[in-house]
Structures are given as C-alpha cells and as structure tokens.
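Dear colleague,

I am passing on the structure below, and my notes on it follow. Please read them alongside the coordinates.

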Amino acid sequence: MPTLTVDGIEVTVEPGSTVLQACEEAGKDIPRFCYHERLSIAGNCRMCLVEMERSPKPIASCAMPAGDNMVIHTNTPLVKKAREGVMEFLLINHPLDCPICDQGGECDLQDQAMAFGVGSSRYEENKRAVTEKNMGPLIKTIMTRCIHCTRCIRFAEEVAGVDAIGAVNRGEHMEITTLEQAVNSELSGNVIDLCPVGALTSKPYAFTARSWELTKTESVDAMDAVGSNVRVDARGPEVMRILPRLHEDVNEEWISDKTRFAYDGLRRQRLDTPYLRRDGKLQPATWQEAFAAIAEKVKASDPQRIAALAGDMACAESMLALKDLFGRIGSPHMDCRQDGAALDPSCRASYLFNTTIAGIEDADALLLIGANPRWEAAIINARIRKRWLAGGIDIGLIGPQVDLTYRYEHLGAGPQTLSEIASGSHPFTAKLRAAERPMLILGMGALARPDGAAVLGAARSVAEATGMVGDGWNGFNVLHTAAARVAGMDLGFLPGEGGRDIAGIIGGASSGDIDMVYLLGVDEIDMDLLGDAFVVYQGSHGDAAAHRADVVLPGAAYTEKNATWVNTEGRVQLGRRSIFPPGDAREDWTIIRALSDVLDCTLPYDSLGALRKHMLEVAPHFARIDEPAAVEWGQFGGAGVMDQVPFNYLIEDFYLTNPIARASQVMAECSALFVGSGAEATGTHG
Amino acid sequence: MTETTQAAAFAFTPENMERAKQLIARYPEGRQASAVLPLLDVAQRQNDNWVPDAAIRYIADMLDMPYIRVMEVATFYTMINLEPVGQFHLQLCRTTPCWLRGCGDLRQVIKDKLGIGHGETTADGKFSMLEVECLGACVNAPVVQINDDFYEDLDSASFEKVLDALAAGERPAHGSVTGRQTSAPATGLTTLTDGAGAPDVA
C-alpha cells in the first residue's frame, strides 16, 4: 500500500488509488470536472493539477497513480496559478449566463470559478457558439455551456450501457452529441446530475424553480421495488424535481428515469375529494357520506363476502391498518400480490433478493429466470452490468430475448429449460455448480402465472442443487416489481384461514360470491372482472380503479406521507413527507383509522408512532431500518408440474407501470418515443 | 450533408473486402475496432475520396462498434472527407512554418484561379480545397497536398502552373517544385567545414 505525503500529511492508500484520492484521504479538496468516482478516468479537464516534488510540471492528480514516497503539494503558488490558468481556459468559451441557467446555484463550474478562478477575464475575442442537440424529452441541452468533461459519454457507455452519446470533431470544434437521437436508456436522466455545468439540464424542470428556494426532503422512491434513495425537492404544494441520494448498497448515486421524472404525474388526475357513485355517476361527497356508504354496505354484508386487495404503491402502514380492520370485521379475504405471483409467505427467504443488491458484485454466475431487470429494476440492471464489466461472470437468461446492456447466454424461453437446469441435464448447470458464488434472479414473469408455485419450487431446487445456498451466501433472489410487495408479505396482508387469494377474490366478485372489494391503490387488475361487487377504492390517482369504484377515498401519494417501505432485498426504509396531499386527501393509514370508527371496530392506534409500535409487534424486523438481515432458508414452493408456456415479462411498458407514471405527461412522451408505435425496436419489448 | 449526396447503401468491392479482412486480421482477436481508421481510408478510396454515412454504418457493423464511435473517429480526422470533394482535393497547410513561407499567397491563388475557399468545391467538381494543420513537411514549406501527393516549395507562380497542368488533365511531378532532392538544402549541398554551416570550433 503506497504511502505518500500530501501537504505534510502522511497518508496510506489502497494500491491502485490515484493521487487525487490520496489528497482526499488527507482532507485536501481537489477541484475537478472530468473526474468522477464511478466513471473511468479521462484526465482531460486539467482542473485537478497539483505539484509533485521531482516532477518538472504539475501533474493531473486524477490520472496519476499514487506511488510510494510521493510528495504532493496542493497549496503552493504553482498550483494556484495552474488552477487559475485552467479555469481561465475553461471560461473562454463558456457563456457565463449563470443568471438564466438552471444549473445556477448548484454548478461545479460556478462554485470552482468562485473558489479557484481569478475573478476577471482577459478574453476579448468572440466566444464560440454550439448548436443545441436533441437528446430526447428528458435532457435539455445548451451545448455552448459544455466544457467537454465527457462525463456524459462515459456514463452512457459504462453505466447505462448504451452507446448513444459521443464527441464529434476536434479541438475548438469538438461537440458532444447524440446525433439527434434521444438517449434510449432507463438511466439517461443521471447525465443531468453528472454534468458539472449547465449544458445538460432537466427538460421538465427547465426554468421552473431555483435550487435554493426548494424544500429538500430525503425520502425513498416507490416506483419500483429497488427502494432508491431520493431527495424530493418541493416548493409550496408542488414537487419540483426528484434527485438521487447516495446509498452505496442500493442505488449508488443513480436513479431511473421513471423515479426522476414521473413527478409531474403527482399533479395530474389527482383524487382530492371523496367521491360517491350516485345514479351511476361518481359525484363529489364528504368524508362522512363516503364512510357512511361503506359502513352501510359492510354492515349489510356477511364478512365472508367482503375482501381487500393492496396495490403496488401501498405503504406498510396503510396495509397493516387495512389488515387489522379486516381482521376486526372478520373477513379472511385479502391479498397484496396484485399480479397474482405465487409468493410463499411461509419462508421469508423465498420472496427476498437475498444476495442484496450490492452482493451482485460478489457473484460469479447468474441465472435470470423470467426477469427483465432492465425494465423491472433499472438500478439493479446497472449493478449487474457493473459486475459484468468487471469480467468473469456467466450470465444466462430464461425468457424472451431482450437487450439487457450486457451479454448473456439465452438458455431458453420457458419452464422446460428451467427443469433441465434443475435436473442437471443443461450445460449451464455445470457453470452454476463450478461458480463459487452463483446466484439466480427469479422475476415476476415466472411467478405470476398459474403454475407459479411449481416454478418457485423448481427455482428452489436449482438453487439447492447448484450450491447457491450456503454459509454466508444465499444466491436465491426474487426480483419484485412493486414497492409495496415485500412489506405486504412481511406484514401478512395475505389470505387468512379459509381466505381467498387474489384470483379467488376476483373470481368471487365475478361470480357474485364476493359483495364488496376494498382496493388499496389497486389499479393493475382487470376491473371488468369485478362484476357487480361494491368497490371501494382508496388511492391517489383517478386511474382504472377509481373509474370502476362506487366509493373513492382520496389518499396520499408516496411523496405525501411518512411511510415505511421495504424493498426487494427486505431492506426497511423510511419515506418522508415532502408535501401535503392535495385537497381533502389524507395520509392513507389515517383514512382507514377513521373508517374503523364508523364501522364500530376502532383500531387501537391514533398516531403514526402507535401504529409503528404495533407494526414492530407484527414484524419485529421493521425495527432494523436500512439493514437487510440474513434470513433463514426453508421449505417453500410447490412440487407441481410446470406448464410448457414460455415465460413472459410482466412489464410491457417501463414508463407506464403505475398510476403516477400513467398520469405523467413526461412518461407518456417517453413511452411514445421509446416503447410505443413510434419507437425503434429496442429489444426490450416484453 | 444533404440528402441527395448521401448514398443509400454502401458495400466494399470484393477486392476491398479482401483488403479489409487483411487489415482487421492485423489486430488481436476482439480488438478489431483498431482497424477503424484503415477501413475508413479504404472506404474513402473506393468512393471518390469521401465517406458517405452509409459507409460509416457499414464499417460500424463490420467492426461491431457503435455508430457514434466510428463517427467520432471519422469527424476527428480532416483526412476523412464526409462530404463529396473535387477530383483534385487540395489540402493547404496553414501551420506556422508554411504560413511564414507564404501559404497565404497560395490561398490567394486558389481563390483567384478557382474561386473557392476553405471547404468549398468548384462548380465543375474538379477542385476542392481544405486548409489543414501541419502536413509534416515543414522543411519544404509551403506545402499543398493534392489527393495523395505533396507539392512542396511552392510559390504563387509555381502553384499556378501545377493547377493549370491538373486542369489540363496532366499529372505534374510531385515533390519539390524547385527541383531539390527531398529536403536537401535549398541553396545546394553544403559540408560541415564550409561557409556559414561550419561549426564554431574556436
């Protein structure tokens, strides 16, 4: 491990570190533009120059490997002069239009010019102007501001895995361009954060707010089951933008485009007052009227003839409250598995991403079963790509062929291949057996089908037969698509004794055996199948279910409540309220608590604290915030026979998977461009 | 680039295909992208000294490279022409040595005689001109590269003669127009012991 001296401070760094990292270790801040911890080293901005003894000229610290006995100075007159010189060159062609630039106030160039620049300009010639580029509906370009750090190029090529951005021409004529193509990646929005200047900014956010006037709330995303850590920036009653927050074990510092840009859906199609169906038409009502209508129906019905379902974006608190309410009413019919996936509640390891997301980097063989991580969890896909780039991993896929941004072996289309791998007759089994840390990812496309239990059982036998489950390593992973699912499973929002599951509830509603269905944010089922049942919908958006409902209770979206989320790893995270729900809408658990009063089965908690205390009694692991604990392996899955029907991915359109995204104009535009009829074949069509 | 000038499709002729395979084979397995520059050159020679967009896509496919990566290379080098050029493509060096030795006069000759400036082509498609950076023949400055040949030690009169000869369909001799051998001293051969060239041994 090289030991070097930085400004008189001796530091020892990992082999392979750069001088810049050593300087940071010593607590010295080095200005930089092109260098980024998660991207390859370019060394082209020259802002990180430092003085090294016995070197005739300053060195670019980002590109210089740290060596033993180096003596580095970061605060000498030479370094100051070098920084001023580089800054002067960078500013020659920079328009200095900070007052009208969206990056203003959070701009690396602005900050570093203040800290390291000379404060005046000697340049009197004409500045160059660069034409704007079309990078699609998400990224706005003002390329005259570009300082050619090439972070966006490196991000697209390395992390996102799409070779869409490049630098054409050379010297003074160099331009960053996509050749007028929209960047077809689920992670494209991250280049906006990476851009150290205002060349790439957010198109939907353009000119809507200044960074310093926003209220910043650290929260958790609910668009998919990754649980990306986000910061929700709001002004007054509106979410203005959503940015990623650093979490090394979950999303590193990336978020998907849906997480970042679907926020305009929070303003549209909102349910801001209760509705009651009168004379066949939904009409605004008061909370009392809505509750009274529900109470009348519940009291008139046999508890065995009412049921509850929880959707993809329901928070843990509301699911627990609804479960308790139905328990008190005496109905065992409830289910949180909206897609009908055959998840087995008896063993927690059977429905978690046991390796953890960060653990993917330790794996050396990967079997994807009916999972398209690029669309189901774009952040996890980026992690798999990162592992693949490191080399030495065999990846196999069972399911339709798609472009996952990394190479994989296409093993087959359906259950037959899975049984071959389980029995050992498939050549990929040998690769899994030979691997030290093999893993599999079981997608909802393989579980949400009639033979899902048998598929789960087959996946378990693959895991056991190839040594995926052992000391300190559990390579059995289930990739969820919904933020609510794991919490629902953990809290037991599942059929009680003699209770119907989702198929039974929907079937019962069709046939008339179920009189009333309570939908907690359930929008992805076929509403026509609910027959003549009395439908109560509690949720945030006027989507499919609200149109079918007889009573609509306006709830809060994920940015509008303090809520607990459990991601696909089983990691418990707290989302925080950024803005208040619109109009008469309320936080979801409070609605259920208020309804319980009207139904004469009052729930025993009247504060969030009390509810959470009760939650810890039901599921003690909810106390371990942000710690996915290792879970016991056990028996699960059915032994039945699998169909021969090939697996099909659950998500047909990445941009439109939930009511918020469907209400978002930005997502609609992306969908039309990348997925819809106008799209080029991306290879990711489910 | 206008729509009309771009060919819809491009493919190497059988001979060039053979050549391309040889070029790719020069690089280790998996490093075939290294052959991108030679292949662009082959394509340019096949297609009247310019590379159409279709050829860039063709080469990208052939080398299993993203289109934009080939585009980056093609736009980086002034030697790769992405638009049609004249039958005689003049590349006028304007870097310091050539400039000090009078490349400005040569530019004026082109302007007066052919009526074209940087990046332009004559109406009859015979000549096109590009001002380029150092051609690496500074000792024989000023230099103009015409297609593959260097014309050196030019001045207005000699350059006009070269252009006239080309226009008349002749192939004037390339190299130094003053007749000196390669870059031997312009004032005749010298030795270390005579004249100003003699080292000061006192």
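Between chain A and chain B the count is three salt bridges, a salt bridge being a side-chain nitrogen of Lys or Arg within 4 Å of a carboxyl oxygen of Asp or Glu. One of them joins Asp163(A) to Arg69(B), with the closest N and O atoms 3.7 Å apart.

This is a predicted model, in which local features need pLDDT of at least 70 and side-chain atom pairs count only at pLDDT 80 or more, while totals for chains, interfaces and linings use all residues. Residues are numbered from 1 along each chain as its sequence is written, chains are lettered from A and ligands numbered from 1 in the order in which they are written, and side-chain values use heavy atoms, with hydrogens and water left out.

As for the interface as a whole, 14 residues of chain A are in contact (heavy atoms within 4.5 Å) with 10 residues of chain B. The area buried between the two chains, that is, the accessible area (1.4 Å probe) lost on putting them together, summed over both, is about 980 Å², and carbon and sulfur atoms give 55% of it. On the side of chain A, Asp163(A), Arg170(A) and Leu179(A) lose the most area to chain B, together 53% of what that side buries.

Best regards
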